[in-house]
Amino acid sequence: MFKQFVFFDDNNELNDTGVLLYVDALRLNREKELPGELTTHILHSSSDRKRVLEYYEFVKDDDIQELMPHPYFDHIN
């Protein structure tokens, strides 16, 4: 299982791993499976929400087969 610090930097903002996981969740329609810390953070951080949405817009039309099996969603215990 992933630990919270994997998704955040020293300033408690999403790092690249956190942004990528959130974007993958959007692409796979699996946001409900994200750790609560990520979803809560996105609700309260407009700058990180913007980063996630900007990257999502960039990759949303890419083939989602590249995400499977997913290292997070397909290995949740």
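View 1. N29 isn't a glycine, yet its phi is positive. It sits in the loop between helix 1 and helix 2, and it is exposed, with a relative accessible area of 64%. Exposed here means over 50% relative accessible area, buried means under 20%, and partly exposed is in between (1.4 Å probe, protein chains only). Helices are DSSP runs of H or I with at least four residues, numbered from the N terminus.

This is a predicted model, where local features need pLDDT of at least 70 and side-chain atom pairs count only at pLDDT 80 or more, while totals for chains, interfaces and linings use all residues. Residues are numbered from 1 along each chain as its sequence is written, and side-chain values use heavy atoms, with hydrogens and water left out.

View 2. Helix 1 covers residues 16-28, 13 residues in all. From first C-alpha to last it reaches 18 Å, close to the 18 Å expected at 1.5 Å a residue; that expected span is 1.5 Å times one less than the number of residues. At the N-terminal end, N15 does the capping, with a side-chain oxygen 3.0 Å from the backbone nitrogen of T17.

**View 3. The buried residues of helix 1.** Look for G18, V19, L21, Y22, V23, D24, A25, R27 and L28, which are buried. Their cover includes helix 2 (36-44) and helix 3 (46-59), going by contact, meaning heavy atoms within 4.5 Å.

**View 4. Where helix 1 crosses helix 2.** The two axes come within 11 Å and cross at roughly 95°. That makes helix 1 roughly perpendicular to helix 2, a label for angles of 65 to 115 degrees. The axes are lines fitted to C-alpha atoms over the stretch in contact, with angles running from 0 to 180 degrees between N-to-C directions. On the helix 1 side you'll find G18, L21 and Y22, which meet L38, T39 and I42 of helix 2. By class, this contact has four nonpolar, two polar and no charged residues.

**View 5. N12, ahead of helix 1.** N12 lies in the segment before helix 1. Though not a glycine, N12 has a positive phi of about 60°. It is partly exposed, with a relative accessible area of 44%.

**View 6. A cis peptide bond at P69.** Zoom in on the bond from M68 to P69: it is cis, with omega near -5°. P69 belongs to the segment after helix 3.

Note on methods. Helices (H or I, at least four residues) and strands (E, at least two) are DSSP runs, numbered from the N terminus. A polar contact is a pair of N or O atoms within 3.5 Å; within protein, one must be able to donate a hydrogen and the other to accept it, and residues adjacent in sequence count only if both atoms are side-chain atoms. Angles under 35 degrees count as roughly parallel, over 145 as roughly antiparallel, 65 to 115 as roughly perpendicular and the rest as oblique. Ala, Val, Leu, Ile, Met, Phe, Trp, Tyr, Cys and Pro count as nonpolar, Asp, Glu, Lys and Arg as charged, and the others, Gly among them, as polar.
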